[in-house]
Amino acid sequence: MTSIADLAGQIRSGDRAALARGITLVESRRLADSISAEALLCDLLPHTGNSVRVGITGAPGVGKSTLIEALGLRLCAANRRVAVLAVDPSSVRTGGSILGDKTRMTELSRHANAFIRPSPGGDTLGGVAAHTREAMLLCEAAGFDTVLIETIGTGQSEVAVHGMVDFFLVLLSPAAGDELQGIKRGVMELADGVLVHKADGDLAAAADRAAQQCLLAMRVLHSGEATPPPVVIGSSVTGHGLTELWRLIEQQLVTARSRGTFTSRRTQQAGDWFEHAVREQLLSEFLADPKVKSAMRQAKDEVVRGLTLPAAAARTLLALRSQP
Ligand SMILES: Nc1nc2c(ncn2[C@@H]2O[C@H](COP(=O)(O)OP(=O)(O)OP(=O)(O)O)[C@@H](O)[C@H]2O)c(=O)[nH]1
Ligand SMILES: [Mg+2]
(Lines give C-alpha, C1' and ligand atoms only; values in the text may rest on other atoms or scores of the structure.)
(Ligands and ions follow the chains in the order given, each with its own letter.)
Protein backbone atom coordinates (compact mmCIF):
# COMPACT_ATOMS: atom_id res chain seq x y z
CA MET A 1 0.00 0.00 0.00
CA THR A 2 1.24 3.50 -0.83
CA SER A 3 1.72 5.86 2.07
CA ILE A 4 0.05 9.28 2.04
CA ALA A 5 3.44 10.94 1.63
CA ASP A 6 4.17 8.72 -1.42
CA LEU A 7 0.76 9.43 -2.90
CA ALA A 8 1.30 13.16 -2.40
CA GLY A 9 4.68 12.89 -4.15
CA GLN A 10 3.17 10.99 -7.08
CA ILE A 11 0.38 13.55 -7.44
CA ARG A 12 2.91 16.38 -7.44
CA SER A 13 4.88 14.65 -10.15
CA GLY A 14 1.73 14.78 -12.31
CA ASP A 15 0.90 11.05 -12.16
CA ARG A 16 -2.73 10.90 -13.31
CA ALA A 17 -3.50 7.51 -11.82
CA ALA A 18 -2.29 8.82 -8.45
CA LEU A 19 -4.38 11.97 -8.91
CA ALA A 20 -7.45 9.85 -9.63
CA ARG A 21 -6.72 7.75 -6.51
CA GLY A 22 -6.32 10.91 -4.45
CA ILE A 23 -9.67 12.25 -5.65
CA THR A 24 -11.35 8.92 -4.87
CA LEU A 25 -9.89 9.20 -1.37
CA VAL A 26 -11.28 12.70 -0.76
CA GLU A 27 -14.67 11.59 -2.10
CA SER A 28 -14.84 8.53 0.14
CA ARG A 29 -17.30 8.53 3.00
CA ARG A 30 -15.36 6.00 5.12
CA LEU A 31 -13.99 7.51 8.31
CA ALA A 32 -10.52 5.99 7.86
CA ASP A 33 -10.36 7.42 4.32
CA SER A 34 -11.43 10.86 5.44
CA ILE A 35 -8.52 10.95 7.90
CA SER A 36 -6.08 9.94 5.11
CA ALA A 37 -7.71 12.45 2.76
CA GLU A 38 -7.18 15.22 5.25
CA ALA A 39 -3.53 14.27 5.64
CA LEU A 40 -3.12 14.22 1.85
CA LEU A 41 -4.75 17.63 1.44
CA CYS A 42 -2.61 19.08 4.24
CA ASP A 43 0.53 17.73 2.55
CA LEU A 44 -0.46 19.22 -0.79
CA LEU A 45 -1.97 22.51 0.37
CA PRO A 46 1.25 24.53 -0.12
CA HIS A 47 1.25 23.44 -3.77
CA THR A 48 -2.32 24.51 -4.54
CA GLY A 49 -3.83 27.75 -5.76
CA ASN A 50 -1.79 28.16 -8.93
CA SER A 51 -4.56 27.76 -11.45
CA VAL A 52 -7.19 29.81 -13.18
CA ARG A 53 -10.48 28.52 -11.77
CA VAL A 54 -13.48 28.99 -14.05
CA GLY A 55 -17.06 27.93 -13.29
CA ILE A 56 -19.42 27.35 -16.19
CA THR A 57 -23.17 27.20 -15.72
CA GLY A 58 -26.38 27.44 -17.73
CA ALA A 59 -29.64 25.63 -18.38
CA PRO A 60 -29.56 21.94 -19.34
CA GLY A 61 -28.57 21.55 -23.00
CA VAL A 62 -27.20 25.08 -23.44
CA GLY A 63 -23.88 23.52 -24.44
CA LYS A 64 -21.70 23.69 -21.32
CA SER A 65 -19.92 20.39 -21.96
CA THR A 66 -19.45 21.16 -25.65
CA LEU A 67 -17.95 24.54 -24.77
CA ILE A 68 -15.63 22.96 -22.21
CA GLU A 69 -14.47 20.44 -24.82
CA ALA A 70 -13.87 23.13 -27.46
CA LEU A 71 -12.26 25.60 -25.09
CA GLY A 72 -10.29 22.87 -23.32
CA LEU A 73 -8.81 21.61 -26.60
CA ARG A 74 -7.69 25.12 -27.53
CA LEU A 75 -6.11 25.65 -24.15
CA CYS A 76 -4.37 22.26 -24.30
CA ALA A 77 -3.06 23.11 -27.77
CA ALA A 78 -1.61 26.28 -26.25
CA ASN A 79 0.22 24.04 -23.77
CA ARG A 80 -1.99 24.69 -20.83
CA ARG A 81 -2.92 21.79 -18.57
CA VAL A 82 -6.68 21.61 -18.15
CA ALA A 83 -8.67 19.82 -15.45
CA VAL A 84 -12.45 19.49 -15.82
CA LEU A 85 -14.67 18.85 -12.81
CA ALA A 86 -18.40 19.02 -12.16
CA VAL A 87 -20.91 19.81 -9.49
CA ASP A 88 -24.08 18.09 -10.52
CA PRO A 89 -27.11 18.33 -8.26
CA SER A 90 -28.81 15.55 -10.23
CA SER A 91 -26.05 13.15 -9.17
CA VAL A 92 -27.17 13.66 -5.57
CA ARG A 93 -30.62 12.38 -6.47
CA THR A 94 -29.95 9.77 -9.09
CA GLY A 95 -26.33 8.78 -8.76
CA GLY A 96 -25.88 9.89 -12.37
CA SER A 97 -23.54 12.59 -13.55
CA ILE A 98 -23.62 15.25 -16.22
CA LEU A 99 -20.07 14.56 -17.23
CA GLY A 100 -20.08 10.81 -16.74
CA ASP A 101 -23.25 9.83 -18.51
CA LYS A 102 -24.22 12.36 -21.11
CA THR A 103 -21.16 13.99 -22.51
CA ARG A 104 -17.86 12.24 -22.37
CA MET A 105 -15.85 15.06 -23.95
CA THR A 106 -14.22 12.34 -25.99
CA GLU A 107 -11.51 14.32 -27.71
CA LEU A 108 -10.52 16.34 -24.66
CA SER A 109 -10.46 13.26 -22.44
CA ARG A 110 -7.86 11.70 -24.76
CA HIS A 111 -5.61 14.75 -24.74
CA ALA A 112 -2.38 14.36 -22.79
CA ASN A 113 -2.77 17.81 -21.20
CA ALA A 114 -6.31 17.22 -19.95
CA PHE A 115 -7.83 15.47 -16.95
CA ILE A 116 -11.58 14.95 -16.68
CA ARG A 117 -13.34 13.83 -13.56
CA PRO A 118 -17.10 13.23 -13.43
CA SER A 119 -19.15 14.62 -10.59
CA PRO A 120 -18.78 12.78 -7.30
CA GLY A 121 -21.85 11.12 -5.84
CA GLY A 122 -22.99 12.22 -2.42
CA ASP A 123 -25.81 12.69 0.03
CA THR A 124 -25.96 16.46 -0.12
CA LEU A 125 -25.13 19.14 -2.61
CA GLY A 126 -22.91 20.70 0.05
CA GLY A 127 -20.96 17.45 0.32
CA VAL A 128 -20.62 17.03 -3.45
CA ALA A 129 -19.45 20.64 -3.79
CA ALA A 130 -16.92 20.30 -0.98
CA HIS A 131 -15.49 17.20 -2.68
CA THR A 132 -15.26 19.03 -5.99
CA ARG A 133 -13.38 21.86 -4.30
CA GLU A 134 -10.94 19.38 -2.76
CA ALA A 135 -10.54 17.62 -6.12
CA MET A 136 -9.69 21.02 -7.60
CA LEU A 137 -6.93 21.50 -5.02
CA LEU A 138 -5.48 18.08 -5.87
CA CYS A 139 -5.55 18.94 -9.59
CA GLU A 140 -3.63 22.14 -8.85
CA ALA A 141 -1.05 20.23 -6.84
CA ALA A 142 -0.69 17.91 -9.87
CA GLY A 143 0.25 20.92 -12.00
CA PHE A 144 -3.02 21.71 -13.76
CA ASP A 145 -3.03 25.44 -14.46
CA THR A 146 -6.65 25.69 -15.60
CA VAL A 147 -9.65 24.19 -13.82
CA LEU A 148 -13.05 24.27 -15.52
CA ILE A 149 -16.06 23.35 -13.38
CA GLU A 150 -19.41 22.59 -14.99
CA THR A 151 -22.70 22.87 -13.18
CA ILE A 152 -26.35 22.95 -14.22
CA GLY A 153 -28.17 26.22 -13.66
CA THR A 154 -30.66 25.30 -11.01
CA GLY A 155 -29.89 27.76 -8.26
CA GLN A 156 -28.06 26.26 -5.32
CA SER A 157 -25.24 24.55 -7.16
CA GLU A 158 -24.21 27.83 -8.80
CA VAL A 159 -23.73 29.44 -5.44
CA ALA A 160 -21.46 26.54 -4.46
CA VAL A 161 -19.44 26.75 -7.69
CA HIS A 162 -19.29 30.55 -7.56
CA GLY A 163 -17.76 30.04 -4.12
CA MET A 164 -14.80 28.11 -5.53
CA VAL A 165 -13.87 29.90 -8.77
CA ASP A 166 -12.13 33.08 -9.92
CA PHE A 167 -14.47 33.60 -12.87
CA PHE A 168 -18.08 32.51 -13.10
CA LEU A 169 -19.39 32.22 -16.65
CA VAL A 170 -23.11 31.94 -17.38
CA LEU A 171 -24.19 30.47 -20.73
CA LEU A 172 -27.41 31.55 -22.38
CA SER A 173 -29.03 30.12 -25.47
CA PRO A 174 -30.03 32.38 -28.39
CA ALA A 175 -33.59 32.18 -27.06
CA ALA A 176 -32.30 34.09 -24.05
CA GLY A 177 -35.18 36.57 -24.07
CA ASP A 178 -37.43 33.84 -22.68
CA GLU A 179 -34.63 32.18 -20.84
CA LEU A 180 -33.63 35.26 -18.88
CA GLN A 181 -36.94 35.04 -17.13
CA GLY A 182 -36.46 31.34 -16.45
CA ILE A 183 -32.94 31.65 -15.10
CA LYS A 184 -32.97 32.83 -11.56
CA ARG A 185 -32.05 36.47 -11.12
CA GLY A 186 -29.58 35.40 -8.46
CA VAL A 187 -27.59 33.42 -11.02
CA MET A 188 -27.28 36.42 -13.33
CA GLU A 189 -26.12 38.47 -10.36
CA LEU A 190 -23.32 35.99 -9.73
CA ALA A 191 -22.07 36.08 -13.34
CA ASP A 192 -18.63 37.55 -14.01
CA GLY A 193 -19.45 37.24 -17.70
CA VAL A 194 -22.15 35.88 -19.99
CA LEU A 195 -21.73 33.90 -23.19
CA VAL A 196 -24.68 33.76 -25.59
CA HIS A 197 -23.90 30.32 -26.98
CA LYS A 198 -24.82 28.46 -30.21
CA ALA A 199 -24.40 31.66 -32.24
CA ASP A 200 -24.15 29.76 -35.52
CA GLY A 201 -26.29 28.98 -38.58
CA ASP A 202 -29.92 29.93 -38.20
CA LEU A 203 -29.39 30.93 -34.59
CA ALA A 204 -26.78 33.65 -35.28
CA ALA A 205 -29.25 36.54 -35.63
CA ALA A 206 -31.23 35.47 -32.57
CA ALA A 207 -27.98 35.28 -30.61
CA ASP A 208 -27.18 38.90 -31.49
CA ARG A 209 -30.59 40.01 -30.26
CA ALA A 210 -30.31 37.91 -27.11
CA ALA A 211 -26.91 39.45 -26.36
CA GLN A 212 -28.37 42.96 -26.65
CA GLN A 213 -31.23 42.06 -24.32
CA CYS A 214 -28.88 40.44 -21.88
CA LEU A 215 -26.58 43.46 -21.89
CA LEU A 216 -29.50 45.70 -20.95
CA ALA A 217 -30.52 43.30 -18.19
CA MET A 218 -26.95 43.21 -16.83
CA ARG A 219 -26.79 47.01 -16.81
CA VAL A 220 -29.92 47.12 -14.67
CA LEU A 221 -28.70 44.36 -12.34
CA HIS A 222 -25.29 46.02 -11.90
CA SER A 223 -26.42 49.63 -12.04
CA GLY A 224 -24.25 50.59 -9.06
CA GLU A 225 -21.03 49.45 -10.76
CA ALA A 226 -18.79 51.27 -13.23
CA THR A 227 -18.89 48.45 -15.80
CA PRO A 228 -21.39 45.61 -15.89
CA PRO A 229 -20.01 42.10 -16.53
CA PRO A 230 -19.33 41.58 -20.24
CA VAL A 231 -21.71 39.75 -22.56
CA VAL A 232 -20.17 37.96 -25.55
CA ILE A 233 -21.40 35.76 -28.37
CA GLY A 234 -19.89 32.46 -29.46
CA SER A 235 -20.29 28.99 -30.89
CA SER A 236 -18.53 25.82 -29.87
CA VAL A 237 -19.45 24.25 -33.21
CA THR A 238 -17.76 26.86 -35.41
CA GLY A 239 -15.32 28.04 -32.73
CA HIS A 240 -16.40 31.61 -33.39
CA GLY A 241 -15.91 33.85 -30.36
CA LEU A 242 -14.00 31.33 -28.24
CA THR A 243 -10.60 33.04 -28.52
CA GLU A 244 -12.23 36.33 -27.56
CA LEU A 245 -14.04 34.66 -24.68
CA TRP A 246 -10.84 33.29 -23.17
CA ARG A 247 -8.98 36.56 -23.76
CA LEU A 248 -11.75 38.35 -21.91
CA ILE A 249 -11.60 35.95 -18.97
CA GLU A 250 -7.83 36.39 -18.73
CA GLN A 251 -8.13 40.14 -19.02
CA GLN A 252 -10.68 40.28 -16.20
CA LEU A 253 -8.36 38.23 -14.02
CA VAL A 254 -5.37 40.48 -14.77
CA THR A 255 -7.49 43.46 -13.72
CA ALA A 256 -8.69 41.63 -10.59
CA ARG A 257 -5.10 40.82 -9.63
CA SER A 258 -3.97 44.39 -10.06
CA ARG A 259 -6.88 45.67 -7.96
CA GLY A 260 -6.35 43.06 -5.25
CA THR A 261 -9.85 41.62 -5.70
CA PHE A 262 -8.46 38.31 -7.01
CA THR A 263 -6.78 37.60 -3.66
CA SER A 264 -9.59 39.01 -1.54
CA ARG A 265 -12.13 36.84 -3.37
CA ARG A 266 -10.07 33.71 -2.73
CA THR A 267 -9.56 34.68 0.92
CA GLN A 268 -13.28 35.20 1.34
CA GLN A 269 -13.98 31.84 -0.33
CA ALA A 270 -11.56 29.98 1.95
CA GLY A 271 -13.19 31.59 5.00
CA ASP A 272 -16.65 30.63 3.76
CA TRP A 273 -15.59 27.01 3.18
CA PHE A 274 -14.17 26.88 6.68
CA GLU A 275 -17.48 28.06 8.15
CA HIS A 276 -19.30 25.57 5.96
CA ALA A 277 -17.04 22.77 7.25
CA VAL A 278 -17.71 23.77 10.86
CA ARG A 279 -21.46 23.61 10.25
CA GLU A 280 -21.23 20.27 8.42
CA GLN A 281 -19.07 18.68 11.11
CA LEU A 282 -21.22 19.94 13.95
CA LEU A 283 -24.32 18.63 12.25
CA SER A 284 -22.93 15.22 11.38
CA GLU A 285 -21.42 14.66 14.84
CA PHE A 286 -24.66 15.76 16.48
CA LEU A 287 -26.86 13.56 14.31
CA ALA A 288 -24.55 10.55 14.75
CA ASP A 289 -25.00 10.64 18.55
CA PRO A 290 -27.23 7.64 19.52
CA LYS A 291 -28.84 9.70 22.30
CA VAL A 292 -29.80 12.36 19.77
CA LYS A 293 -31.01 9.78 17.25
CA SER A 294 -33.61 8.30 19.56
CA ALA A 295 -34.68 11.66 21.02
CA MET A 296 -35.02 12.97 17.48
CA ARG A 297 -37.41 10.19 16.46
CA GLN A 298 -39.58 10.91 19.48
CA ALA A 299 -39.49 14.70 19.02
CA LYS A 300 -40.34 14.37 15.34
CA ASP A 301 -43.30 12.19 16.17
CA GLU A 302 -44.58 14.85 18.58
CA VAL A 303 -44.04 17.60 16.02
CA VAL A 304 -45.90 15.81 13.23
CA ARG A 305 -48.78 15.06 15.60
CA GLY A 306 -49.01 18.76 16.38
CA LEU A 307 -48.10 18.32 20.05
CA THR A 308 -44.94 20.43 19.95
CA LEU A 309 -43.72 23.35 17.86
CA PRO A 310 -40.73 22.50 15.60
CA ALA A 311 -38.57 25.27 17.07
CA ALA A 312 -39.31 24.25 20.66
CA ALA A 313 -38.63 20.58 19.89
CA ALA A 314 -35.36 21.53 18.21
CA ARG A 315 -34.26 23.54 21.24
CA THR A 316 -34.95 20.60 23.56
CA LEU A 317 -33.00 18.33 21.22
CA LEU A 318 -30.03 20.70 21.07
CA ALA A 319 -29.99 20.92 24.85
CA LEU A 320 -28.99 17.22 24.85
CA ARG A 321 -25.52 18.31 23.67
CA SER A 322 -24.58 19.69 27.06
CA GLN A 323 -25.87 16.67 28.97
CA PRO A 324 -23.38 13.93 29.86
N1 LIG B 1 -25.68 24.81 -32.87
C2 LIG B 1 -24.94 24.56 -31.79
N3 LIG B 1 -25.22 23.48 -31.02
C4 LIG B 1 -24.47 23.26 -29.94
C5 LIG B 1 -23.39 24.11 -29.58
N6 LIG B 1 -22.83 23.63 -28.45
C7 LIG B 1 -23.53 22.53 -28.10
N8 LIG B 1 -24.51 22.29 -29.00
C9 LIG B 1 -25.46 21.17 -28.95
O10 LIG B 1 -26.32 21.31 -27.81
C11 LIG B 1 -26.62 20.04 -27.25
C12 LIG B 1 -26.30 20.04 -25.77
O13 LIG B 1 -24.92 20.16 -25.59
P14 LIG B 1 -24.18 19.84 -24.22
O15 LIG B 1 -22.79 20.32 -24.34
O16 LIG B 1 -24.37 18.42 -23.82
O17 LIG B 1 -25.00 20.76 -23.22
P18 LIG B 1 -24.87 20.87 -21.64
O19 LIG B 1 -25.22 22.27 -21.30
O20 LIG B 1 -23.57 20.36 -21.18
O21 LIG B 1 -26.02 19.89 -21.18
P22 LIG B 1 -26.28 19.26 -19.73
O23 LIG B 1 -24.96 18.81 -19.19
O24 LIG B 1 -27.24 18.17 -19.98
O25 LIG B 1 -26.87 20.37 -18.91
C26 LIG B 1 -25.82 19.01 -28.05
O27 LIG B 1 -26.65 18.43 -28.99
C28 LIG B 1 -24.75 19.85 -28.71
O29 LIG B 1 -24.32 19.30 -29.94
C30 LIG B 1 -23.12 25.23 -30.45
O31 LIG B 1 -22.19 26.04 -30.24
N32 LIG B 1 -23.92 25.39 -31.52
MG1 LIG C 1 -23.06 18.83 -19.81
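**Group meeting talk: cores, helices and a magnesium site**

Hi everyone, let me start in the middle of the protein. The largest nonpolar core has 51 residues, and Ile11, Leu19 and Ile149 are those with the most contacts inside it. Helix α8, residues 125–141, gives the most to this core: 10 residues. There is also a second, separate core of 28 residues, which includes Val52, Leu169, Leu242 and Leu245. Please keep in mind as we go that this is a predicted model.

Now the overall layout. The protein chain is divided into domain 1, covering 49–259, and domain 2, covering 274–322. If you take the C-alpha centres of domain 1 and domain 2, they lie 38 Å apart.

Leu7, Ala8 and Ile11 are the buried residues to look at in α1. They cover an arc of only 100 degrees around the axis, which places them on the same side of α1. What do the buried residues of α1 pack against? The partners are α2, α3 and α8.

Setting aside neighbours within four places in sequence, isoleucine 11 is in contact with Ala18, Leu19, Gly22, Leu40, Leu44, Leu138, Ala141 and Ala142. Just after α1 comes glycine 14, with a positive phi of about 90 degrees.

Which residues of α3 are buried? They are Asp33, Ala37, Leu40, Leu41 and Leu44. Those residues cover an arc of only 95 degrees around the axis, which puts them on the same side of α3. On the face turned away from that buried side, α3 carries the exposed residues Leu31, Ile35, Glu38 and Cys42. As for packing, the buried residues of α3 meet α1 (4–12), α2 (16–27) and α8.

The magnesium ion, ligand 2, is coordinated by Ser65 through OG and by Glu150 through OE, at 2.1 to 2.2 Å. Serine 65 lies in helix α4 (residues 64–77) and glutamate 150 in strand β4 (residues 146–152), so the pair ties together parts that are 85 residues apart in sequence. Are these two residues buried or exposed? Serine 65 has a relative accessible area of 7%, and since the cut-off for buried is under 20%, serine 65 is buried. Glutamate 150 also counts as buried, at 2% relative accessibility.

While we are in strand β4, have a look at valine 147, which sits there too. Valine 147 is buried, with a relative accessible area of 0%. Leaving out neighbours within four places in sequence, valine 147 has contacts with Ser51, Val52, Arg53, Val54, Ala83, Leu85, Met136 and Glu140. For a sense of distance, valine 147 and threonine 227 are 80 residues apart along the chain, and their C-alpha atoms are separated by 26 Å.

Another strand residue worth a click is isoleucine 233, in β7 (residues 231–233). At 22% relative accessibility, isoleucine 233 counts as partly exposed, because buried means under 20%. Again leaving aside neighbours within four places in sequence, isoleucine 233 is in contact with Leu195, Val196, Ala199, Ala207, Asp208, Ala211, His240 and Gly241. Proline 46 is 187 residues from isoleucine 233 along the chain, and the C-alpha atoms of the two are separated by 38 Å.

Asparagine 79 is not a glycine, yet has a positive phi of about 70 degrees. Where is asparagine 79 placed? Its place is the loop between α4 and β2 (82–87), and asparagine 79 counts as exposed at 63% relative accessibility. Lysine 198, also a residue other than glycine, has a positive phi near 60 degrees. Lysine 198 is found in the loop between β6 (193–196) and α12 (204–221). With 31% relative accessibility, lysine 198 counts as partly exposed.

Technical notes: Residues are numbered from 1 along each chain as its sequence is written. Chains are lettered from A and ligands numbered from 1 in the order in which they are written. This is a predicted model: local features need pLDDT of at least 70, side-chain atom pairs count only at pLDDT 80 or more; totals for chains, interfaces and linings use all residues. Side-chain values use heavy atoms; hydrogens and water are left out. A nonpolar core is a set of buried Ala, Val, Leu, Ile, Met, Phe, Trp, Tyr and Cys residues joined through side-chain atoms within 4.5 Å. Buried means under 20% relative accessible area, exposed over 50%, partly exposed in between (1.4 Å probe, protein chains only). Helices (H or I, at least four residues) and strands (E, at least two) are DSSP runs, numbered from the N terminus. Contact means heavy atoms within 4.5 Å. Domain bounds come from an automatic or database domain assignment. The arc is that of the directions from the helix axis to the C-beta atoms. Donors are N, O and S atoms within 2.8 Å of the metal (3.2 Å for Na, K and Ca); water is not among the atoms, so sites may look incomplete.
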